[in-house]
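Subject: Structure for your review

Dear colleague,

Please find below the structure that I am handing over to you.

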Amino acid sequence: MKKKKEENAPVEGMIDGTDFVELKRDMQSAKVMAWLEYNQQQLIAGVIVLLLALVGVSVWKEQQLTEKNSAALVYMKAINTADETQRASLLDTVTSEYAGTGYAILAKLQKIKISDAPEKQVLLRSLIESKVAPEFVWQARLDLAELLITEGKSAEAEEVLAERLGKEYEQARYALLASLTEDKVEKVTLIQKALDAVSNDNDLVTRLEAELASLRLEK
C-alpha cells in the first residue's frame with residue numbers, strides 16, 4: 001500500500017498543469033515584448049503619422065469654416081449693395097475665390113439676374129456642368145432653353161432639353177419641347193405629356209389645355 005502511494009506522488013522537479021500554463025503565459029509575454037521592441041520605431045512613426053493626420057483634419061476643418069464665413073460676408077455685402085456694377089464684382093469674387101462653398105452657387109444665381117443674355121448663357125452652362133444639387137441643374141437647363149428659344153436657337157434649345165429632368169420639372173420641359181416643333185401630331189403628344197406630368201404652375205396648365213383644345217379642333 002505504501003509503495004502504491006509513493007508511485008502516485010508527484011516526482012520532485014516535474015512540471016504540473018499550473019506550471020505549464022504559467023510558463024506558456026510567460027513565453028507569450030516575452031514574444032510580445034520582443035515584438036514591441038523590434039517594431040518600436042515603426043510604432044512610434046505610426047503614432048506620429050496618426051497625430052499629424054488628426055492635426056491636419058482639424059486645421060482643414062478650421063480653414064473650411066473660415067472660408068465659408070468669409071464667403072457669407074462677401075455674399076451678404078453683394079446682396080445689400082444697390083450699385084449693380086459693385087454687386088456684380090462682389091458676386092464674381094464669391095464665385096472665383098470661394099468656389100468650394102455653397103455661396104458660389106447662390107452668387108451665380110444672383111449674377112444671372114443682372115447679367116445680359118451672353119453672360120447668362122455662360123453662367124447657366126456653368127451651373128449645368130457643376131457638381132451641385134440636381135434641382136439647380138434642372139432649373140438651369142429650363143432657363144437656358146428659354147433663353148435660346150428667345151434668341152431663335154431652336155436646335156441648341158432642343159439639345160439642352162433632351163435630357164430628362166426631375167418629375168417636378170418635366171411639365172415645363174415638355175411644354176418647351178412642344179413650342180419647338182411645327183409638327184401638330186408631335187406637338188399634341190408633347191402637350192399631353194406636359195399635362196400628365198406633375199404640375200406646380202396653374203397658369204401653364206391653363207395655357208397648355210387651351211392650346212391642346214385648339215390643336216384638336218384644327219383636326
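A salt bridge is a side-chain nitrogen of Lys or Arg within 4 Å of a carboxyl oxygen of Asp or Glu. Please bear in mind throughout that this is a predicted model.

Salt bridges

Side chains of opposite charge can pair when their charged atoms come close. The structure contains eight salt bridges, and three of them are described here.

One of them joins Glu170 to Arg164, with the closest N and O atoms 2.5 Å apart. This distance meets the definition because it lies within 4 Å. Are the two partners, Glu170 and Arg164, buried or exposed? Glu170 has a relative accessible area of 4% and is buried, whereas Arg164, at 55%, is exposed. The cut-offs behind these words are under 20% for buried and over 50% for exposed, with partly exposed in between. Salt bridges that share partners also join Asp92, Lys111 and Glu119 into one network.

Within that network, Lys111 pairs with Asp92, and their closest N and O atoms are 2.8 Å apart. Where in the chain do Lys111 and Asp92 lie? Lys111 belongs to helix 5 (residues 102-114) and Asp92 to helix 4 (residues 84-97), so that the pair, 19 residues apart, links distant parts of the chain. Lys111 is buried, its relative accessible area being 6%, while Asp92 is partly exposed at 36%.

Another salt bridge brings together the side chains of Glu151 and Lys153, at 3.3 Å from N to O. Here Glu151 is partly exposed, with a relative accessible area of 34%, and Lys153 is partly exposed at 32%.

The surroundings of Arg173

Arg173 lies in helix 9 (residues 170-180). Its relative accessibility is 5%, and Arg173 therefore counts as buried. A polar atom of the Arg173 side chain lies 2.6 Å from the backbone oxygen of Leu161. Leaving aside residues up to four places away in sequence, Arg173 touches Leu142, Leu161, Ala162, Glu163, Arg164 and Leu165. Arg164 in this list is the salt-bridge partner of Glu170.

Packing of the helices

Two packed helices are described by the angle between their axes and the distance between the axes.

For helix 4 and helix 5, the axes are 8 Å apart and the angle is about 150 degrees. These two helices are therefore roughly antiparallel to each other, since an angle over 145 degrees counts as such. Helix 4 passes helix 5 in a left-handed crossing. Which residues of helix 4 and helix 5 meet? Glu84, Arg87, Ala88, Leu91, Asp92, Val94 and Thr95 of helix 4 meet Tyr103, Ala104, Ala107, Lys108, Gln110, Lys111 and Ile114 of helix 5.

In the second pair, the axes of helix 6 (residues 117-129) and helix 7 (residues 134-150) come within 9 Å and cross at roughly 150 degrees. Helix 6 is therefore roughly antiparallel to helix 7. Their crossing is left-handed. Helix 6 contributes residues including Leu124, Leu127 and Ile128 to the contact, and helix 7 contributes residues including Leu144, Leu147 and Leu148.

With kind regards

Terms used
Residues numbered from 1 in each chain as written. Predicted model: local features only at pLDDT ≥ 70, side-chain atom pairs only at ≥ 80, totals over all residues. Heavy atoms only, no water. Helix = DSSP H or I, 4+ residues; strand = E, 2+ residues; numbered from the N terminus. Buried < 20%, exposed > 50% of the residue type's maximum accessible area, 1.4 Å probe, protein only. Polar contact = N/O pair within 3.5 Å; in protein donor to acceptor, adjacent residues only side chain to side chain. Contact = heavy atoms within 4.5 Å. Axes fitted to C-alpha atoms, helices over the stretch in contact; angles between N-to-C directions. Parallel < 35°, antiparallel > 145°, perpendicular 65-115°, else oblique. Left-handed = near helix turned anticlockwise from the far one by under 90°.
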